[in-house]
Amino acid sequence: MTTLPTSTTKKLGLVIDLDTCVGCHACVISCKGWNTENYGAPLADTDAYGSDPSGTFLNRVHSFEVQPEQGTAQLVHFPKSCLHCEDAPCVTVCPTGASYKRVEDGIVLVNESDCIGCGLCAWACPYGAREMDAVEKVMKKCTLCVDRIYNENLPEEDREPACVRTCPAGARHFGNFSDPESNVSKLTAERGGIDLMPEQGTKPVNKYLPPRPKDTLSEGAGDIDILAPYLEPVAQETKGFLGWLDKTLENL
Amino acid sequence: MHPAPSVIFFTVFSGVGFGLLIFLGLGLPAVTGLNAFAFFVIAYLCAVGGLVSSTFHLGHPERALKAFKQWRSSWLSREGVCAVIALMVMALYGAGLVFFETRWVALGLIGALFSLLTVFTTSMIYAQLKTIPRWNSPLTPLMFLSFSLAGGALLAGQITTATVLVLLAAIVQVVLWMIGDGALANSGTNLATATGLGTNGNVRAFEPPHTGTNYLLKEFAFVVGRKHSMKLRLIAIALFAVIPLLLLLLAPFSHWLAVLALISHLGGAFASRWLFFAEAEHVVGLYYGKR
């Protein structure tokens, strides 16, 4: 059935910290790697070494410039993948039932053997989270690494989505939003996590933490950093032969 | 949106085909025997030809039968179900007219109703999408229905009805263009809400996630120049409305001019449908700074 479940037991999803993301694209690569080598149709590249390379990705990092009315512009790196919406429009439009939202954890998945590749779900998604694979001709999307998070063959620390596991900056967090005590719920509450395009009525599960205001470096120019004493030169005056040589050469 | 030829061909031809089936179902014209056979062949060629062409844009057309399953939630599935019911009922009704010279009235009415529902469900596939504000309007089903009925009336030789319906289609089309031009701006979705960064300042797309192209850009970021779109709109409305109306009003009883009117109308309908797709702005384009 492609009708949505009225409620899900868990609400698994991601918190993406726009303050911390450095835009290294490591999550893009680890996602492509894991999802090409494991569950489902591989993520194809076409004309990879030619003049018009194109490929399927489930996670992409945009960069935006934010110019406040006063002050310097801020560059924000913006990773975007499926937000596993509670009111997922991509699920209800599917004519075959290939797209579905799981009752147990709220993950939105595609049953690739039922997908006719009509593309309507990608049309219905405002976030561009679904991409039709050019080779397999089926719709691909983030699975929240459903083949990692429950995989008991993996060490426990690896049982989280590949993008979260790989992020060197710690900008991505994985957890259960229906538990108010979970890491992701707390982070969202503390940092004022937001929904993307709330007016579209999709009720996304994934939350984005807004970047903090930029440091005002020019204002603090006169202050001495508390670490400054540790940075002072250790050698005060040269002694011994080198000291004599230094002085002699100076006097010449 | 990328204007895929298969989908344009499908929506125009199946629209006209089902439009003709609606009129035949209502007994307009009240034909039997060989005449009825000719009308039904034309209607089925258009309707089924359109449906078959729509499967060309599928990634896996061999799985198309699975698409009948989700009629409870999916407009695309409902379209498939309605089309099959309409075609089967109208085939029975047509057999009555052609082989038994009898008109089973109830069957014709049911067939006409499901033909109408097929066109309506097709239009709802587009009208339901909040992601494309230009389409997300009750005018979209009105436009599809008025074009289908106008084309059907022309094919059925219902001159007076056709005149009224072509005029109606032209009015709906112009209003849809006018309202559609402001639809994205009025939808409340912009780069600020898309990124949630609006409170910090003015947001601008700085760098896309990749140097090449991708599925999203090919499918959703198609842009028509304003100049071109204005010209195409004028060409479309001249072809689908002005020329046919003039021909019908000047010489209502000439068969040849009626055929000319029909050809002109279809040409204009193609231009209009091409614009329907090409001008539609999907909100995902915002992330790429394409709006």
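Biologist: What radius of gyration does chain A have, when a compact globule of 252 residues would be near 18 Å?
Modeller: The radius of gyration is taken over C-alpha atoms, and the globule rule is 2.2 Å times the number of residues to the power 0.38. For 252 residues a compact globule would come out near 18 Å, but the radius of gyration of chain A is 25 Å.

Biologist: Good to know! Which pLDDT do side-chain atom pairs need before they count?
Modeller: Residues are numbered from 1 along each chain as its sequence is written, chains are lettered from A and ligands numbered from 1 in the order in which they are written, and side-chain values use heavy atoms, without hydrogens and water. This is a predicted model, so to speak with conditions attached: totals for chains, interfaces and linings use all residues, local features need pLDDT of at least 70, and side-chain atom pairs count only at pLDDT 80 or more.

Biologist: And chain B: what radius of gyration does it have?
Modeller: Along its principal axes, the C-alpha trace of chain B spans about 75 × 45 × 30 Å. A compact globule with 291 residues would have a radius of gyration near 19 Å, and chain B agrees with that, having 21 Å.

Biologist: How many helices and strands does chain B contain?
Modeller: Helices (H or I, at least four residues) and strands (E, at least two) are DSSP runs, numbered from the N terminus. From that end the elements of chain B run α-α-α-α-α-α-α-α-β-α-α-α. The totals are 11 helices and one strand.

Biologist: What share of the residues of chain B count as buried?
Modeller: Buried means under 20% relative accessible area, exposed over 50%, and partly exposed in between, with a 1.4 Å probe and protein chains only. In chain A, 51% of the 252 residues count as buried. For the 291 residues of chain B, the share is 55%.

Biologist: How much of the accessible surface of chain B do carbon and sulfur atoms supply?
Modeller: These areas come from the Shrake-Rupley method with a 1.4 Å probe, and for residues only the protein chains shown count as cover. Chain A has an accessible surface of about 12,700 Å², with 54% belonging to carbon and sulfur atoms. Chain B exposes about 12,700 Å², and there carbon and sulfur atoms supply 74%.

Biologist: Now the charges: how far apart are the centres of the positive and negative sets in chain A?
Modeller: Lys and Arg count as positive and Asp and Glu as negative, leaving out His and the chain ends. Each charge is placed at NZ of Lys, CZ of Arg, CG of Asp or CD of Glu. Chain A has 23 positive and 36 negative side chains, and the two centres are separated by 5 Å.

Biologist: Which residue of chain A forms a salt bridge with B:Lys69?
Modeller: A salt bridge is a side-chain nitrogen of Lys or Arg within 4 Å of a carboxyl oxygen of Asp or Glu. Here the N to O distance is 3.8 Å, and the partner of B:Lys69 is A:Asp114. B:Lys69 lies in the loop between helix H2 (33-54) and helix H3 (75-99) of chain B, and its partner in the loop between strand E7 (108-110) and helix H3 (120-124) of chain A, so the pair joins two chains. B:Lys69 is partly exposed at 41% relative accessibility, while 12% makes for a buried A:Asp114.

Biologist: How many residues apart in sequence are the parts tied together by B:Asp181 and B:Arg134?
Modeller: B:Asp181 and B:Arg134 form a salt bridge, with 3.1 Å between the closest N and O atoms. B:Asp181 sits in helix H6 (residues 159-181) and B:Arg134 in the loop between helix H4 (105-127) and helix H5 (139-156) of chain B, so the sequence separation that the pair bridges is 47 residues.

Biologist: Which residues are linked with B:Arg134 in a network of salt bridges?
Modeller: B:Arg134 is buried, at 9% relative accessible area, and B:Asp181 is partly exposed, at 35%. The network links B:Arg134 with B:Asp181, B:Arg233, B:Glu279 and B:Glu281.

Biologist: Is B:Ser146 buried or exposed?
Modeller: B:Ser146 belongs to helix H5 of chain B. Leaving out residues up to four places away in sequence, B:Ser146 touches (heavy atoms within 4.5 Å) B:Leu165, B:Leu168, B:Ala169 and B:Val172. With 4% relative accessibility, B:Ser146 counts as buried.
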